[in-house]
Amino acid sequence: MSAKSTSGPGGKKPASVATNLIAGGGAGAMEALACHPLDTIKVRMQLSRRNTRGLKRRGFVTTGMEIARKETPLGLYKGLGAVLTGIVPKMACRFTSYEQYKLLLSKDGHVSTAANFWAGLFAGVTEAVLVVCPMEVVKIRLQAQHHSMADPLDIPKYRNAAHACYTVVKEEGVGALYRGVTLTALRQGTNQAANFTAYTELKEWLQQKQDDPSAALPGWKTAIIGLISGAVGPFTNAPIDTIKTRLQRSPAEPGQTALGRITAISNQMMKQEGLRAFWMGITPRVMRVAPGQAVTFAVYEYLKGVLEKGREMIPGGQYEE
């Protein structure tokens with residue numbers, strides 16, 4: 001099956017919505033378990049104000065070691081509950097909506113590079129509005145807490161993902177879960193546009209190098225092109241991600257608009273920390289996102305193939321058309 005075709009293996013029908021939902025959700029769960037510590041380090045680096053106090057910025061290794069030393073290694077997994085709760089529907093939403101947008105934008109079963117780009121963009125915006133923004137508000141509130149998970153007397157404001165969500169809604173209203181939704185949609189949209197476009201182009205190129213261009217790629221090749229495509233997005237929209245993180249960390253001031261907060265945060269960062277601050281956390285973000293996409297695409301393609309084979313087979317070993 002060509003990477004730019006809407007057909008399934010052997011020219012069969014495209015994968016079902018159920019297949020995309022299950023494969024996407026399973027891939028997301030594996031990706032979160034493998035890469036969450038790097039996301040915690042990234043968030044801490046983005047929230048750091050050491051430079052404003054005349055202190056040297058910490059690198060990602062130093063930041064990670066500091067978290068593990070002061071808060072135990074479990075501190076690197078703060079917010080994992082919120083991520084696992086959200087990443088399964090997030091990935092299910094991402095891959096399912098992407099495949100549906102591809103079908104809508106395709107012409108005679110062929111998906112052009114431009115159509116693939118727009119399908120990725122729309123999929124990113126869809127997942128941002130439905131899942132990502134509320135999940136990240138809760139996750140960032142948990143990750144921003146500096147407390148030792150080994151000391152039972154060191155009680156944080158937010159005890160877990162459910163409690164954080166309840167507290168935010170109770171104190172700030174439901175709208176607080178959608179703080180930064182425009183930036184989140186912009187970040188996810190550009191991320192997935194770059195991600196899916198790079199992945200599809202690389203996959204198509206590698207398939208054409210095979211003896212059978214319609215055959216599926218081996219898992220290790222899928223992981224490598226997932227790794228490469230996953231690194232593209234973060235470099236293009238790092239400033240959006242940094243501003244969004246700071247925006248979602250704290251409650252809004254009375255009477256302050258979302259645009260006003262974004263402008264104020266941007267001006268403050270530029271004035272107090274310089275241009276470099278907008279790319280703070282880029283190293284752990286790439287190290288988090290790129291391997292995450294390698295895991296995601298490899299697991300997704302594998303589960304998708306297994307599920308489709310199971311769907312096509314009926315008792316007796318015959319295929320169901």
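Visitor: Among contacts in the protein chain between residues at least 6 apart in sequence, what share joins residues at least 24 apart?
Guide: That share is 79%. A contact means heavy atoms within 4.5 Å. The model is predicted: local features need pLDDT of at least 70 and side-chain atom pairs 80 or more, while totals for chains, interfaces and linings use all residues. Residues are numbered from 1 along each chain as its sequence is written, and side-chain values use heavy atoms, without hydrogens and water.

Visitor: What makes residues 181–208 count as helix H6?
Guide: A helix is a DSSP run of H or I with at least four residues, numbered from the N terminus. H6 has 28 residues. The expected span is 1.5 Å times one less than the number of residues. H6 reaches 40 Å from its first C-alpha to its last, close to the 40 Å expected.

Visitor: Why is H6 called largely enclosed by the rest of the structure?
Guide: Buried means under 20% relative accessible area, with a 1.4 Å probe and protein chains only. In H6, 20 of the 28 residues are buried, so the helix is largely enclosed.

Visitor: What makes a space a cavity?
Guide: On a 1 Å grid over the protein atoms alone, a cavity is a set of points where a 1.4 Å probe fits but cannot get out. The largest cavity has a volume of about 320 Å³. Volume is the space filled by probe spheres set on the points. Lining residues have an atom within 4 Å of a point. There are 26 of them, and among the closest to the centre are Lys-90, Glu-136 and Gln-188. H6 is one of the helices that each supply at least two lining residues.

Conventions: Buried means under 20% relative accessible area, exposed over 50%, partly exposed in between (1.4 Å probe, protein chains only). On a 1 Å grid over the protein atoms alone, a cavity is a set of points where a 1.4 Å probe fits but cannot get out, and a pocket is an open set with protein on both sides within 12 Å along at least five of seven lines; lining residues have an atom within 4 Å of a point.
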